[in-house]
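Take a look at the model below.

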Amino acid sequence: MGTDHTPKLVGTAWGLLVLNTLGSAGARTVVPLPRSLIQMVTMGALAVAFALALAVNLRLRVRPSAYLFLLTLLLVPSVISSADPESGFGALFRCARLALFVATLWLLSRWWDGGTTFVRHHIRMYFLVLGSVAAGLAISPGAALPDLYGGRLVGALWPLTPPQIGQYAAVIIGLTVLLLLGRRTDRRSAAVVVVPSLVLLALTHTRTATIGLFAGLALAIGSLVLTSAAARRFFTWTVLCAAVAAVVFGSALQAWFLRGQSQENFTSLTGRAKVWDALLAADRTTSEHLLGAGLGDKSFGGLPIDNSWLAVYHEQGMTGVVLVAAFVVVLGGVALLRPPSLSRACAIFLISYCAIASYTEAGLGDASPYLLHLAVAASLLAAPAQAAPLPAPDVPRRRVPRWAQRSEVI
């Protein structure tokens, strides 16, 4: 597909967007990094990404995108609610960050043509992030598997939480498997990405990422079953292996899934349900109900919300919830209407993964990896750009003798 001529700076800008969404909160690192320094790096990455995207798209050519249009509309309730003095300066700062993030996506949309270029950018960048996690595990296993997180894998070189690492690993595993089925990569390259990522995913004990990976792959491969023999073989072998693993390693898998939690703690989703109930029971004005309380750190009462829909409701109100639901539904609807293809399968995987993860992770209403995942899905669903028609060749004019140019010959 027509992304062979994508400028290299586009991939650099995409990598900087990924860096911006890594966040600044997480586990303690081997070398202590001040949070102000991390925020300076991440915000600087966003500014440089915008500058690079503008440099390669000075004519401001963009592709029509319902996803980006609805994401731009999301800025309206964000700005209105964040402009309230009670929201604080941090809310306005987050609005400016979201606006710059969306503007950069608009500039990069010029190269959205239904190809897999941005899928490859996505995989490369997150594989580098996971490489830093693996390096931290090798340098300091104690810092990478701290007791504070119950022995789950964290970022020891850059502050990354287990859910973050699990999310990055699950996304690149799923995309790489689909590229392999679509014969866009070879088995050796796929194994280099998938095998270590699976190990890191297992060490994070992240249930949401694991469920999202397998459910998303099932839906994506299911969309290819009727047209791809490789997809049918992979689906059949996966089902057989899963059945055998469930019988042979059933107790070990159950122990991994429960993570040593009690039944009460498991049913309350590690305490998330208590925060959700308190948020929904809180008194709100009509303005807060419609427009939210302004962009914040996705917490309520000092505790993380860990639900995209409730976080959006808290910060951008019902208006934000409707807009977020709209762009998720639009992307899903467009994916279902597309004919079977590798691009469609990758888009279905990303959309379904984000929809599943939204139940226990926040991020659909602010600059986050989830918005980048959906942006990749939008690039995969974009119609290929039509090539400009070739100019007609100049036809040499016949030389007419001077005597023939006269109306009559005397």
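Is Lys 298 buried or exposed? Lys 298 is buried, because its relative accessible area is 17% and buried means under 20%. Keep in mind that this is a predicted model.

## Salt bridges

Side chains of opposite charge can pair when their charged atoms come close. How many salt bridges does a search of the whole structure find? The search finds three.

| Pair | N to O distance |
|---|---|
| Lys 298 and Asp 366 | 3.0 Å |
| Lys 298 and Glu 315 | 3.1 Å |
| Asp 306 and Arg 272 | 3.4 Å |

Start with Lys 298 and Glu 315, whose side chains meet in a salt bridge. This pair links distant parts of the chain. Lys 298 sits in the loop between helix H15 (286–291) and strand E1 (299–300). Glu 315 belongs to helix H16. Glu 315 is buried, with a relative accessible area of 2%.

Now take Lys 298 and Asp 366, which also meet in a salt bridge. Asp 366 lies in the loop between helix H17 (342–357) and helix H18 (369–381), while Lys 298 lies in the loop between H15 and E1, so the pair ties together parts that are 68 residues apart in sequence. Both Lys 298 and Asp 366 are buried.

Lys 298, Glu 315 and Asp 366 are linked in a network of salt bridges.

## The pair of Asp 306 and Arg 272

Asp 306 forms a salt bridge with Arg 272. Which parts does this pair tie together? Asp 306 is in the loop between strand E2 (303–304) and helix H16 (308–337), and Arg 272 is in helix H14 (residues 272–281), so the bridge joins parts that are 34 residues apart in sequence. Arg 272 counts as buried, because its relative accessibility is 16% and the cut-off is under 20%.

## A nonpolar patch

Next, the surface. Val 30, Val 31, Leu 33, Leu 37, Met 40, Val 41, Ile 139 and Leu 157 form a nonpolar patch there. Together they have about 680 Å² of accessible area. Which helix gives the most to the patch? Helix H2 (residues 35–56) does, with three residues.

Leu 37 is a patch member that lies in helix H2. Its relative accessible area is 39%, so Leu 37 is partly exposed.

Methods. Residues are numbered from 1 along each chain as its sequence is written. This is a predicted model: local features need pLDDT of at least 70, side-chain atom pairs count only at pLDDT 80 or more; totals for chains, interfaces and linings use all residues. Side-chain values use heavy atoms; hydrogens and water are left out. A salt bridge is a side-chain nitrogen of Lys or Arg within 4 Å of a carboxyl oxygen of Asp or Glu. Helices (H or I, at least four residues) and strands (E, at least two) are DSSP runs, numbered from the N terminus. Buried means under 20% relative accessible area, exposed over 50%, partly exposed in between (1.4 Å probe, protein chains only). Patches are made of residues with over 30% relative accessible area and no salt bridge: like charges are joined within 9 Å, nonpolar side chains (Val, Leu, Ile, Met, Phe, Trp, Tyr) within 5 Å. Accessible areas come from the Shrake-Rupley method with a 1.4 Å probe; for residues, only the protein chains shown count as cover.
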